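Try each task yourself before you read its solution.

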Number of protein chains: 2
Amino acid sequence: MSDARLTLGLEEDPLLLDRQICFPLYAATNLLGRLYGPVLRKLNLTYPQYLVMLVLWEQQPQTIGALGARLYLDSGTLTPLLKRMEGAGLLSRARDPNDERRVLVTLTERGETLRSQALHVPETMANGYNAEGVDALRESVRDLVSILAQHSTRSRGSKAA
Amino acid sequence: MSDARLTLGLEEDPLLLDRQICFPLYAATNLLGRLYGPVLRKLNLTYPQYLVMLVLWEQQPQTIGALGARLYLDSGTLTPLLKRMEGAGLLSRARDPNDERRVLVTLTERGETLRSQALHVPETMANGYNAEGVDALRESVRDLVSILAQHSTRSRGSKAA
DNA sequence: GGCGATTTAATCGCGCGCAAGGCATTATCG
DNA sequence: CGATAATGCCTTGCGCGCGATTAAATCGCC
């Protein structure tokens, strides 16, 4: 089509949008966030705030570093996000008395109670999906994440064996 | 492990982070953006700006609406982004004389020349990957995108038959 | 015990991403 | 032709997401 006539051994134009793996991931994430938005809005949660709640509902309290290791985020993102959630009364942030460098994040009563209202979110989102290929897709993307996390100097990459 | 003892007919806790499809997509997108960042920085491009350039290198000129339909973004995101790229001398924005509502985006000489420098980006990024499962993964995520796009009222979803 | 190195969060600046609203241009219909 | 609706883009406000820097607390080492 274009001026790709110098592709000696190369098979095709490497810059075609449809050949990138990054673009469908980018688009899927944006579209998913757009779908979750209205559902989570009823819980007064944003999409990343919802992910933080998922982590805290599993285990609690957790340090900011531990949250970041789980979600692949750093304090530059988490600190203001957690402050907003604290302002909403979902959790409390307090320095660890045993190590004043750390900040322990603990759910409030309100934060724990919200879990019951969040229980219907997954089924609401997975409304019309076959859910067959989804399991395989999730595992594939997770494999990609673990590969990408290795190549990343950030994201507290110290959990892998 | 936790308090999932009330799982009458349900198989498992639906709120476990590792059961969500949204989370690995979210993490993979963030990690990928973090990997692309330093590489694209040498071209003075951000990650979404790179995607815009990919679209424009394929076809040109394009309206903002067409760009948004391709990238699943709306003018609220694209307009300021394109203005920054215009300020960087990569493209020009001008009203379509035939329809003054539209804005035509055209690459400048500088924008077209940048393509040669971008040619090595894909191979740089795909450095240590087997690239076997990547093709299948890309198709799976693309299928997901097309499903999600149908459920979306936005993103000018008027291309499907 | 003192002192440099490391760990852990907080802060700042910037660029998205999106919902909501606004405005000019074009299309539609009586 | 004139009113009304639809289209296409711009603007605003807010919440991330990240690189970079800063500051405090802890650890190691002598």
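Before you start, one definition: two residues are in contact when they have heavy atoms within 4.5 Å. Keep in mind, too, that this is a predicted model.

**Exercise 1. Describe the fold of chain A and how confident the prediction is.**

Step 1: Count the elements. Chain A has seven helices and three strands, and along the sequence they follow the pattern α-α-β-α-α-β-β-α-α-α.

Step 2: Check burial. Chain A has 161 residues, of which 42% count as buried.

Step 3: Check the confidence. The average pLDDT of chain A is 85, and 83% of the residues score at least 70. In residues 1-5 of chain A the pLDDT is below 50, and this stretch has two contacts beyond near neighbours in sequence. Residues 155-161 of chain A also have a pLDDT below 50, with seven such contacts.

**Exercise 2. Work out what the contact between chain A and chain B is made of.**

Step 1: Count the residues. Chain A brings 56 residues to the contact and chain B brings 55.

Step 2: Find the area. The two chains bury about 5,700 Å² between them, with 73% of it on carbon and sulfur atoms. Leu15(A), Tyr26(A) and Leu148(A) supply 13% of the area that chain A buries against chain B, more than any other three residues.

Step 3: Look for polar links. Between the chains there are zero salt bridges, but eight residue pairs are in polar contact.

Step 4: See which elements take part. Helices H1, H2, H3, H5 and H7 of chain A each supply at least two residues of the side that touches chain B. The largest share, 14 residues, comes from H1(A).

Step 5: Sort the residues by type. The side of chain A that touches chain B has 38 nonpolar, seven polar and eleven charged residues.

Notes:
Residues numbered from 1 in each chain as written. Chains lettered and ligands numbered in written order. Predicted model: local features only at pLDDT ≥ 70, side-chain atom pairs only at ≥ 80, totals over all residues. Heavy atoms only, no water. Buried area = accessible area lost by both parts, 1.4 Å probe. Salt bridge = Lys/Arg side-chain N within 4 Å of Asp/Glu carboxyl O. Polar contact = N/O pair within 3.5 Å; in protein donor to acceptor, adjacent residues only side chain to side chain. Helix = DSSP H or I, 4+ residues; strand = E, 2+ residues; numbered from the N terminus. Nonpolar A, V, L, I, M, F, W, Y, C, P; charged D, E, K, R; others polar. pLDDT = per-residue confidence, 0-100. Buried < 20%, exposed > 50% of the residue type's maximum accessible area, 1.4 Å probe, protein only.
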